Amino acid sequence: MDSARTDLLNVLNAAASQNQQLIAEATATLKGFETSPGFYSLLQDAYLDKSLPTEVRQVAIIYLKNGIDKYWRRTAKNGIQPEEKARIRSRLLEGVDEPSRLLANQNAVSASRIARLDYPIDWPSLFSDLSGIIRSAAAASDPPSRLRLQRSLQILHQVVKALCSLRLMKARQNLQQVTPELVRFVGEVYVHHAEEWVGMVGAGVGQADPALLESSMEISIFALKTLRRLVVHGYEFANRATEAKAFFQLSHSHLGRFMSVYSPAPSPYTVVIRKHILLFGKLFLDLSQHQPSSFMLLPDAVALLRTYWNIIESQAEAFNTTEKDEHREFLEKLCIQGMQLLKWCAKTLTNPAPAIKLREKDEKEEVEAAARVLKEEVFTPDMLTRSMEVLITKYLVLRPDDLQMWEDDGEEWMNEEEQDAWEYQLRPCAERLLLELMQNFRQLLTAPLLGVLQSLANPTDLNGLLLKDAVYNAFGLAASVLFDAIDFDAIITGQLVNEVQIQEPMYKIIRRRITILIGQWISVKVSKPVRVHVYTIFQHLLNANDPMNDFVVRYTAAQYLKACVDEWDFETEVFLPFMNDVLERTIALMGEAEQIESRMKILQVIDVIIDRVELRIAPYAQRIAELLPPLWEQSGDQHLFKSSILVTLMKLVNAMRENSVGFYPMVLPLIQYSSDPTQDAHVYLLEDALELWSAVLQMAPSSTPELLSLMPSAIQCLGIGSEILRRVLQIIESYCLLDLDGVVSQYAVPLFTALEALLGGLKPETSQAIGYVAETIFQGAPVQGYAEALAQTGFVSKLILDVLDDKEQTIVLTHYLSMLSRIAMQDANLLLQYIELVSQQNHAVPQPIIPAVIDQWVLKFDNVGHPKHRKLIAMGLTAMLRTNNADVFSRLGSLMSVWFDVLSEIKESDGDALVYWQNDDAAYDYADVDTPESRRRRELLKADAVHTVELKEYVRKTMAYVEAENGGSEAFKQRWLVQVDSALLDQMSTVL
């Protein structure tokens with residue numbers, strides 16, 4: 001063991017060195033040690049040995065922590081043995097006197113990961129051991145004891161955090177069993193040390209012992225973090241537990257005390273006080289989300305909500321500055337917590353018991369009681385009216401730093417505004433709170449909001465403009481609430497149309513807000529006649545020649561134009577008179593945008609316009625297309641933006657249909673690049689490239705050498721992965737429909753080689769897609785064009801072997817039999833040769849092989865559901881008779897059974913109908929009915945013998961042929977028909 005320890009210490013020293021070569025060698029050696037017995041206990045030895053350098057101990061504990069993740073589970077391969085686990089567990093708590101915070105944290109995380117897996121079965125004494133250490137350390141006040149208290153609380157916090165993340169009911173119950181006792185004694189530790197440091201700060205930081213103050217603060221932080229998780233996750237109903245109620249009251253009291261001793265003056269202790277205050281906010285938020293009813297029934301809950309509202313109201317003016325410092329960031333976080341808390345409480349009224357089912361009468365009564373408290377004591381009419389006023393006039397207004405950033409970097413500011421990060425940003429959080437209040441208290445708040453809106457006059461100063469912007473913001477947010485209380489059409493025609501033309505300084509603020517407002521209302525309540533005014537407004541606000549329309553105004557107008565175009569009631573004819581200006585100005589805006597994010601959003605606007613106007617985009621298609629190559633080049637490794645360009649090209653191709661041929665010089669190289677597995681970018685671009693490729697082929701009026709030259713790339717893509725496989729097969733089928741002769745003559749061998757590699761273990765939809773490709777070739781191409789390729793690649797041999805093996809899903813085998821039927825209809829003798837070739841190359845197959853294949857063919861016929869495919873298989877089996885093979889003739893009775901079934905279906909349907917099923921082309925869900933490809937597909941179907949040949953006549957002619965080839969009717973009857981059951985022959989006479 002000593003030698004093993006020495007060897008390990010040498011490797012750890014090398015891993016902790018600054019020499020990159022030594023580090024690489026040591027890393028490889030440690031990797032090799034991972035599965036060695038005793039390795040992780042030796043790592044723990046190294047960590048616990050304080051005589052070693054800190055860097056070496058750090059490497060040791062990190063490798064131990066990572067090894068727990070990989071090898072601690074019972075099911076882990078080469079897992080740590082139980083004896084070694086027990087040794088490691090027994091010494092995890094020896095690190096409570098570790099002076100290094102970094103090392104102590106790594107040890108605490110290691111303990112938490114073991115606890116997550118082992119508590120309580122393999123580590124039942126975990127909490128009693130930790131509690132003993134904490135109680136012992138808390139009883140003394142000397143520095144070593146305070147250090148032990150800090151480190152043991154740190155471990156407890158990590159352990160509780162890990163156990164709280166478990167979702168199984170049993171794991172939650174295990175935690176709930178120990179929670180009450182933990183909350184009591186950890187609460188005592190917290191109170192003692194919180195009172196200690198509050199007293200020192202209150203008396204003056206300069207008079208306090210810095211080490212003692214820092215220690216008390218750290219102890220109270222860890223205790224508070226632990227208590228926060230225990231109260232939220234350790235009780236099913238926190239309002240029913242005495243210790244939880246006591247701690248909640250204490251938390252509210254301490255929130256006020258900590259705020260009173262908090263000073264914005266920078267100091268290390270100020271930071272810790274902020275952490276305490278924000279931790280309380282996290283506690284209250286977590287409780288309101290996980291136990292909404294319990295939260296409202298806890299003592300002081302109403303007072304707590306009022307405390308947070310008072311903070312929100314009193315601190316509103318603190319943000320009216322362009323200066324940002326730690327104090328302001330703290331106040332923002334505090335106000336955001338308060339707003340979120342009020343929002344979640346308001347949400348409780350409409351969703352009182354999220355994620356739980358009321359299981360008992362008391363629980364239902366508590367939910368009702370919590371709702372009454374909220375309505376009667378929290379969200380009173382006066383409070384709601386005041387809340388709306390404060391939120392609109394103080395928090396929804398643009399602040400000086402917003403205006404400054406608008407002027408300095410409007411594009412960056414706009415992109416930040418559009419981010420959905422309301423939990424972390426003050427104004428978006430205020431917007432969410434206002435919306436929640438409007439939705440839950442619509443009757444109380446509608447009239448005051450409309451009164452504010454109607455009282456707005458044309459502002460004469462900046463503050464007036466900002467207030468109007470905020471009111472319009474609230475009005476837009478509440479569109480779904482106010483839609484039946486106001487005539488928005490009248491507001492557009494009588495107010496907004498005029499306001500967008502005002503040329504006053506800074507009126508661009510209102511112009512920007514009007515575009516957002518219309519975008520929010522367009523799908524709620526804007527009548528068709530008013531759409532002209534809407535498009536006129538956007539046409540005007542996209543005009544760069546108007547000095548009031550800076551980049552921010554035009555960029556916002558472009559984004560919300562998308563909402564006006566991409567809505568269900570859009571009418572192309574109404575939009576067409578504005579399209580030239582709108583498109584030209586949007587394209588020009590793209591040239592001004594510097595950030596990739598902005599360009600993507602502008603490109604999405606163009607995408608939506610292309611989608612909605614379709615062929616009407618033709619006059620502008622070339623202009624849009626010319627915009628894209630430079631953007632592609634400028635995007636560098638911004639693959640998401642390149643994907644957006646591919647999407648735009650696909651929409652252009654779909655819109656231009658046959659006329660999209662002109663885009664080939666630009667489109668085809670991009671497809672080639674994006675689908676090339678040797679390019680790193682193909683991982684990000686392939687999916688969109690395939691969509692573009694498919695659109696190009698569907699819209700192609702005819703094949704071109706350049707288009708066909710991409711076929712090898714399509715074949716190569718078959719080997720990339722299953723997620724895109726069906727789309728690639730659809731692309732290959734499109735190639736077969738477009739230029740079957742070119743595909744077969746140039747690519748038959750590589751194509752069938754790739755298809756053969758796919759066979760085996762297929763999903764039904766994939767085997768169906770392979771069948772579409774193969775049947776298209778077998779039906780449309782001369783048999784001599786692909787016969788040699790089939791033999792050379794083993795594609796048909798694999799089909800035959802899988803049919804005989806009968807281990808694939810039945811539906812997959814029916815797809816295989818449909819492909820064999822197509823070959824038989826083209827040249828039954830060729831299929832017979834393939835079957836005999838399988839027999840020669842695979843001695844394990846049943847002998848004679850031909851009857852075995854026919855038997856499986858007939859057996860699976862009953863599993864074929866669609867009438868078209870039933871007729872196809874019947875015709876394929878019938879075609880096999882033309883081989884004049886005795887083994888085929890020996891199964892004539894089975895073939896007659898198939899004929900009788902299908903012919904009976906025909907007779908029941910429509911006498912001697914050629915096609916007695918509904919058109920099933922819905923299978924081609926990716927083919928638009930008006931595309932060139934859909935026309936090619938219809939032509940192929942018209943030429944399909946399954947559609948054009950009557951089965952009854954096909955059977956009659958085939959029987960006449962084989963009788964003539966085998967000595968005449970009487971001789972054939974005496975040789976083969978006598979073997980068929982007479983009853984079956986009688987049945988056949990009724991349908992033939």
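Tutor: Asp569 counts as buried, with a relative accessibility of 18%; buried means under 20% relative accessible area, exposed over 50%, and partly exposed in between, with a 1.4 Å probe and protein chains only. This is a predicted model, in which local features need pLDDT of at least 70 and side-chain atom pairs count only at pLDDT 80 or more, while totals for chains, interfaces and linings use all residues. Residues are numbered from 1 along each chain as its sequence is written, and side-chain values use heavy atoms, with hydrogens and water left out.

The partner of Asp569 is Lys528: the two form a salt bridge whose closest N and O atoms are 3.7 Å apart. The term requires a side-chain nitrogen of Lys or Arg within 4 Å of a carboxyl oxygen of Asp or Glu. Lys528 sits in the loop between α24 (508-521) and α25 (531-541), and Asp569 in the loop between α26 (551-565) and α27 (572-592), so the pair ties together parts that are 41 residues apart in sequence. Helices here are DSSP runs (H or I, at least four residues), and strands are E runs of at least two, numbered from the N terminus.

On the α23 side the contact (heavy atoms within 4.5 Å) is made by Ile492, Thr493, Leu496 and Val497, and on the α25 side by His533, Val534 and Ile537. By class, five of these residues are nonpolar, two are polar and none is charged. Ala, Val, Leu, Ile, Met, Phe, Trp, Tyr, Cys and Pro count as nonpolar, Asp, Glu, Lys and Arg as charged, and the others, Gly among them, as polar.

Arg91 and Asp45 meet through their side chains at 2.3 Å, N to O. Arg91 lies in helix α5 (residues 82-91) and Asp45 in helix α3 (residues 39-48), so this pair ties together parts 46 residues apart in sequence. Arg91 is buried, at 12%, and Asp45 is buried too, at 16%. The salt bridge between Glu181 and Arg184 has an N to O distance of 3.4 Å. Both residues lie in helix α9 (residues 169-203), three residues apart, and are thus separated by about one helical turn. Glu181 is partly exposed, at 38%, as is Arg184, at 41%.
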